[in-house]
Structure formats: structure tokens, C-alpha cells
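Colleague: Could you take me through the pockets here before I set anything up?

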Amino acid sequence: MPTPSVNALPIRRLTLRDLTACADLSADRGWPREEHKWGFLLAAGKTYGMDDPDGGLVSACVITEYGPREQPDLGAIGMVLVAERHARQGIGRHLMRHVVAAMGTTPLTLYATPNGRPLYEELGFKVTGQAEMLTGRFLPGGADPKVSTRAATADDLTRMLRLDEEVFGTDRTHLITRLPAFADRLRVAEENGRLIGYAAAWPNMDTHVVGPLIARDTETAMALIGALAAHTDRPLRTDIDVRHEELRAWAKDHGLASIAFNSVMTYGITDLPGDWTRRFAPLTVAAG
């Protein structure tokens, strides 16, 4: 059945009750269903979508806000999807315009695929960086890491939040406090009793995604990835900022292969806040 006029399709907030419909939409576009990730995003952020009169969703989009609730410092857009049967009819553009307008003066960011980038550029987003998606079975080897890591405990959470805000540039408490339940592994790196990094590995279909990855330097990032890899028999996947050339080369030497490059784009700001030199990989590209 042909889609009604774009302007006639109401946009509503989605909730956890829509989790299956969101996963169905992912599958419809050939993406993994990713129900674990969808549940996390629906709980932690704002999700908008349009209902299909014939059942299911026409489209969906997640916005994860950071900073003060009343006036967020940053909004991350992700999981922008339009059902295949309604593609190429302007629905994605309609939904994105709604989201940008709803966010008002809040600066925005997103990771764009090559296919999605032209739409975002049309809406005023600018490319400010790039990330390389890597995946594969991690192959141990090489010199032992000089940086000490261990499993995170509840006592580490306050220090993790402090370090994360310093590096990310705004408060992510509502995401980071969900990590112990969301991730299968959560590790920290210390030096002389001071936290210098942390990383999580969370299940996504048949892989473990490494993210967030916050570290003082490349050596610390390597130690955290190696420690996480040692406790899983699944392939790893991560999205590394291309400026971290040494870490990307090391990951490839240890069995991970390049899958794709995604553009980091911003709207309303010229660059992301925080310290990119210690921000190696996002929790998920869907949440910035």
C-alpha cells in the first residue's frame, strides 16, 4: 500500500513497549535485530518514530542527550531507519527535520554512513571527524602490557563518572551507570591508585562490542582491549577514531579487520567537546 503524504504521518515518542517493532525495523533494512542495544537506547534516550497503518513502524530515530536535563549540552542522533517499503519517499528527511527542531538550540552529533551523509549535509550537519569500524577474533600476542587492568567494582563508579565527564566533555551519568547491567565485562586501568582508563565489552548478536573506551594513552587502550578480549570467545567489534592510528594498526595486527568508515558529523558546534586524545571508541555509534 503506498505511503500517505509524509506530512500526514504523525511522529510519536517510542517506549520500551516498541522494542520488538524497532528490532523488526532493523531486520527489515538488513541490519541485525540488536534487541539488547535497542533496549538500552530506548531506556536511556528519546526515541521517535512513525507507525505504519499496516502494522509495525515506518521509521525510527534515537536521540541521546548529555548534560543538564533542562538544557542538554549535546544530543547524539542514531538508529535513523526507514522501512524498505517506504524508502526514498522523503520520510527520513521528514523525521530528521522534526528531531532537529525538537532539540532547539542543543548542539547535535551523529555517525553517518556514506549513504546517509548526503541527507545530513542537506540538513546542515558538517563532517568533523571519522571512525573506522573494526571486527574480528582477537589474536593475543606481542609484549605483555605494562599497564595494569582489573575488573571494575561498584566502588569504581564514582571515579569512572568523573573521568568520563572530563574526557567526553559533558555528563553521561545516565549512560555510564547502566554499564554494569548492560555490559558483560567492565574493566578499569589504574596507576598508583589513580584511574587512567576504563572500557566495556557488551553483547551484540554474535559479537562483543568494545565501547566506551576511555584511556590515558594508546598503551592503556591496548591493555584494556586485550584484557576484555581474554574473557570472551566471541569476535570483537569496535569503532575507533581514525586519529588513533597506532591503536588501529595494533588492532589489525591482532586479528581485527576494517569493515567500514563512518563520518562524525556535528550541527550547531564546530567540534565535539572533551579530549579526543583520550576518547578512543564510543559506547555505540548510535549514542555518540
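This is a predicted model: local features need pLDDT of at least 70, side-chain atom pairs count only at pLDDT 80 or more; totals for chains, interfaces and linings use all residues.

Colleague: OK, what volume does the largest pocket have?

Modeller: The volume of the largest pocket comes to about 1,100 Å³.

Colleague: And which residues are closest to its centre?

Modeller: The lining of the largest pocket is made up of 38 residues, and those closest to the centre are Trp-31, Val-80, Leu-81, Thr-113 and Tyr-120.

Colleague: Which elements give two or more residues to that lining?

Modeller: They are the strands β4 (74–82), β5 (108–112), β6 (126–136) and β12 (257–267), together with the helices α3 (91–102) and α4 (117–122), and the largest share, six residues, is supplied by β4.

Colleague: How does the lining of the largest pocket divide by class?

Modeller: There are 20 nonpolar residues in the lining of the largest pocket, alongside twelve polar and six charged ones.

Colleague: Switching over, how much space lies in the second largest pocket?

Modeller: The second largest pocket holds about 460 Å³, and among the 25 residues that line it, Phe-138, Gly-141, Pro-145, Gly-226 and Trp-250 are the closest to its centre.

Colleague: Which element gives the largest share of that lining?

Modeller: That is α8, with six residues; both α8 (218–229) and β7 (148–151) supply at least two residues of the lining of the second largest pocket.

Colleague: And its classes, how many of each?

Modeller: The lining of the second largest pocket contains twelve nonpolar residues, seven polar ones and six charged ones.

Definitions and conventions
Residues are numbered from 1 along each chain as its sequence is written. Side-chain values use heavy atoms; hydrogens and water are left out. On a 1 Å grid over the protein atoms alone, a cavity is a set of points where a 1.4 Å probe fits but cannot get out, and a pocket is an open set with protein on both sides within 12 Å along at least five of seven lines; lining residues have an atom within 4 Å of a point. Grid points are joined across faces, edges and corners, and a volume is the space filled by probe spheres set on the points. Helices (H or I, at least four residues) and strands (E, at least two) are DSSP runs, numbered from the N terminus. Ala, Val, Leu, Ile, Met, Phe, Trp, Tyr, Cys and Pro count as nonpolar, Asp, Glu, Lys and Arg as charged, and the others, Gly among them, as polar.
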